[in-house]
Amino acid sequence: MPLKNAQMKSITNKVVLTFFLLFSVFSFVNAQEIIKDNTVAPVKETVPSTKKLKVDGVVATVGDYIILDSDIDKGFLEITAQGGSVKDITRCQILGKLLEDKLYAHQAVQDSINVSDSEVKGQMDERLNYMLEQIGSMDKLVAYYQKSSEEEFRTYFFDVLKEQELTKQMQKKIVEKVEITPEEVREFFKKIPAADLPVFGAELEVAQIVILPKVTDADKQKVIERLKGYRKECLEGASFATKAVLYSEDPGSSKNGGYYKMTRKTPFVKEFKDVAFSLAEGEISEPFESQYGFHIIYVEKIKGQEIELRHILISPEVNKESLKEANDKITLIRKKILDKEITFAEAARTMSDQKETRANGGILVNPKTQDTRFELTNMDPSIYSQVSNLKDNEISMPYLEDVQGKKDYKIMTVTNRIDSHTADYAKDYVKIKDLALKDKQFKAIGKWFDTKIKDTYIKIVDEYKDCPFTNNWLKK
């Protein structure tokens, strides 16, 4: 739900941008201790040096965590590795970010927030695969991060990712209980000066009808036999994680070896949760079916009400006859709507195969905002390509959608257009509520920082005391 830059005045600066930066450059005023440590070179530069530091000393301590001068260098490497520019970033800014991360991670440990090694390893494998695609080889990656061996790099990278996960979980814990009432939303909106109200871009509300090609029993049985084969091989010693990477069709977990961590409240489909929570630690399920295809689950670890598992998902292939049947059916539905024998909404409710939208007349819900509006400039490309040129009440031609091998036929229509406009409390309540909630979360984190910095042992060497920190870590 981006706002137009030209007209995002103080509300954008104070709420949207500030909250975005909250988890990257967030510090708060409090007393700090200055360490005198003459082994560290003075900070004089305002941009990163390309030369390796001669002395690598401790520049800061936060609880049980230390920050080395080389950690600042690695901060620059992380930014460039992710495609960012370090042209206007100083060593002092990187240090400020590191101080924040260490405080989050330190407090996560104090609060007994647990991050499992298997979870971190799954994330590391995914990140490494992406990085290797970008840089070409492990040798180049090791050299890029100035490590002497692959083992040293993997150890370093594992520790980095574990700390990042602790930070994320700590941030989540701080804001998870923050809620906003309608009255608070109203008061938040009233305080925004009329000249500073945000402008929301043009939006569409869209509906769709989905027809799923029928899968034959023979096609289903082929998948079941494949999964039984993988299960047998894993029971005989093969790696389940490797099988998931090679064969699973779940885009959300295949690169991580099929890994998920879940509780009974985790929003997975009922069939998946029922099987997962019926298994003992180390057990592999028989193949079972959900709306996404067929699965097998391997439970790695059970910790109270939480389980760590891996799974393999395979969807049956759809034959040509079933595809033609589905195309003929949706083409006929479209004709009936155009001939005014039935409305689009009625057809969706009675004929669409998509449960999530059927009851609502085919209306789509934006997964990012949880309302029915899609901003044109931020719309999923697969939706945009079908509806961007549609006129009012016009219906798209049937088209075949193929997502990770799962095929269906769709028709779409635009049910409502909302032109670019200045924020209106009644029309844009969902967006305004989101801004108000972010503002309240921001304040909650501010109070958390204020308290925890006071209670945490923190030292910063005096060579960095002249850093123009965004916030007063040094209490000057």
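Colleague: What span should the 20 residues of helix H3 have, and what is the distance between its end C-alpha atoms?

Modeller: The model is a predicted one. The expected span of a helix is 1.5 Å times one less than its number of residues. For H3, residues 91-110, this gives 28 Å, and the end C-alpha atoms lie 28 Å apart, so the two values agree. Just after H3, serine 112 has a positive phi of about 60°.

Colleague: How far does helix H11 reach from its first C-alpha to its last?

Modeller: Helix H11, residues 320-338, reaches 27 Å with its 19 residues, close to the 27 Å expected.

Colleague: Which residues of H11 are buried?

Modeller: A residue is called buried under 20% relative accessible area and exposed over 50%. In H11, the buried residues are Ser322, Leu323, Ala326, Ile330, Ile333, Arg334 and Ile337. They cover an arc of only 110° around the axis, and therefore lie on the same side of H11. On the other side of H11, the exposed residues are Lys320, Glu321, Lys324 and Glu325.

Colleague: What is found at the start of H11, and what just after H11?

Modeller: At the start, a side-chain oxygen of asparagine 319 comes to within 3.3 Å of the backbone nitrogen of glutamate 321. Just after H11, lysine 340 adopts a positive phi of about 60°.

Colleague: How many aromatic pairs does the count come to?

Modeller: Two rings pair if their centres lie within 6.5 Å, and planes over 60 degrees apart count as edge-to-face. The count by this rule is 11 aromatic pairs. In one case, the ring centres of tyrosine 260 and phenylalanine 268 are 5.0 Å apart with the planes at 85°, so this pair is edge-to-face. Phenylalanine 268 is partly exposed, since its relative accessible area is 23%. Ring pairs also join Tyr260, Phe268, Phe272 and Phe288 into a cluster.

Colleague: Where do arginine 264 and the charged end of lysine 431 lie?

Modeller: A charge sits over a ring if it is within 6 Å of the ring centre and within 35 degrees of the ring normal. Arginine 264 lies over the face of phenylalanine 277, 4.3 Å from the ring centre. The charged end of lysine 431 is placed over the ring of phenylalanine 200, at 5.5 Å from its centre.

Conventions: Residues numbered from 1 in each chain as written. Predicted model: local features only at pLDDT ≥ 70, side-chain atom pairs only at ≥ 80, totals over all residues. Heavy atoms only, no water. Phe/Tyr/Trp six-rings, centres within 6.5 Å; stacked < 30°, edge-to-face > 60°. Buried < 20%, exposed > 50% of the residue type's maximum accessible area, 1.4 Å probe, protein only. Helix = DSSP H or I, 4+ residues; strand = E, 2+ residues; numbered from the N terminus. Arc of directions from axis to C-beta. Polar contact = N/O pair within 3.5 Å; in protein donor to acceptor, adjacent residues only side chain to side chain.
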